[in-house]
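Dear colleague,

Please find below the structure I am handing over to you.

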Amino acid sequence: MAAWSPAAAAPLLRGTRRLPLLHWAQRMFASQTEGELKVTQILKEKFPRATAIKVTDISGGCGAMYEIKIESEEFKEKRTVQQHQMVNQALKEEIKGMHGLRIFTSVPKH
């Protein structure tokens with residue numbers, strides 16, 4: 001068995017997206033950021049039939065990039081591109097201040 005060394009452990013101590021693992025551990029147990037709460041509230045208003053909405057700041061906390069997962073009956077019988085257009089339209093003003101947005105949409109399974 002090979003001996004442990006800091007150089008060998010470095011990849012394990014780094015988190016994903018080049019941020020330290022400690023940052024991701026803190027975010028995992030932290031409450032939502034102000035930006036996440038704002039985007040979530042807007043989506044709840046625009047998609048009142050949504051059964052699940054999850055907004056995650058994936059910019060490292062600066063609010064420049066978000067990942068959105070939303071499940072709603074409103075997406076039923078719409079193509080994925082149309083579903084994403086609906087989310088983009090709902091967040092039209094907020095998107096102006098963002099660098100990126102990842103959207104995952106789905107229809108609830110019955």
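Rings of Phe, Tyr and Trp (its six-membered ring) pair if their centres lie within 6.5 Å; planes under 30 degrees apart count as stacked, over 60 as edge-to-face and the rest as tilted. The structure, a predicted model, holds one aromatic pair. The ring centres of F47 and F75 are 5.4 Å apart and their planes stand at 50°, so this pair is tilted. Because F47 lies in the loop between α3 (34-46) and β1 (50-57) and F75 in the loop between β2 (65-72) and α4 (80-90), the pair ties together parts 28 residues apart in sequence. Both F47 and F75 are buried (under 20% relative accessible area, 1.4 Å probe, protein chains only).

F47 also belongs to the largest nonpolar core, which has 14 residues; such a core is a set of buried Ala, Val, Leu, Ile, Met, Phe, Trp, Tyr and Cys residues joined through side-chain atoms within 4.5 Å. V39, L43, F47, I68, I70, V87 and L91 touch the most other members. The elements giving two or more residues to this core are α3, β2 and α4.

Overall, the chain has five helices and three strands (DSSP runs: H or I of at least four residues, E of at least two, numbered from the N terminus). Buried residues make up 31% of its 110 residues.

Residues are numbered from 1 along each chain as its sequence is written. Local features need pLDDT of at least 70 and side-chain atom pairs count only at pLDDT 80 or more, while totals for chains, interfaces and linings use all residues, and side-chain values use heavy atoms, with hydrogens and water left out.

Yours sincerely

How values were computed
Buried < 20%, exposed > 50% of the residue type's maximum accessible area, 1.4 Å probe, protein only.
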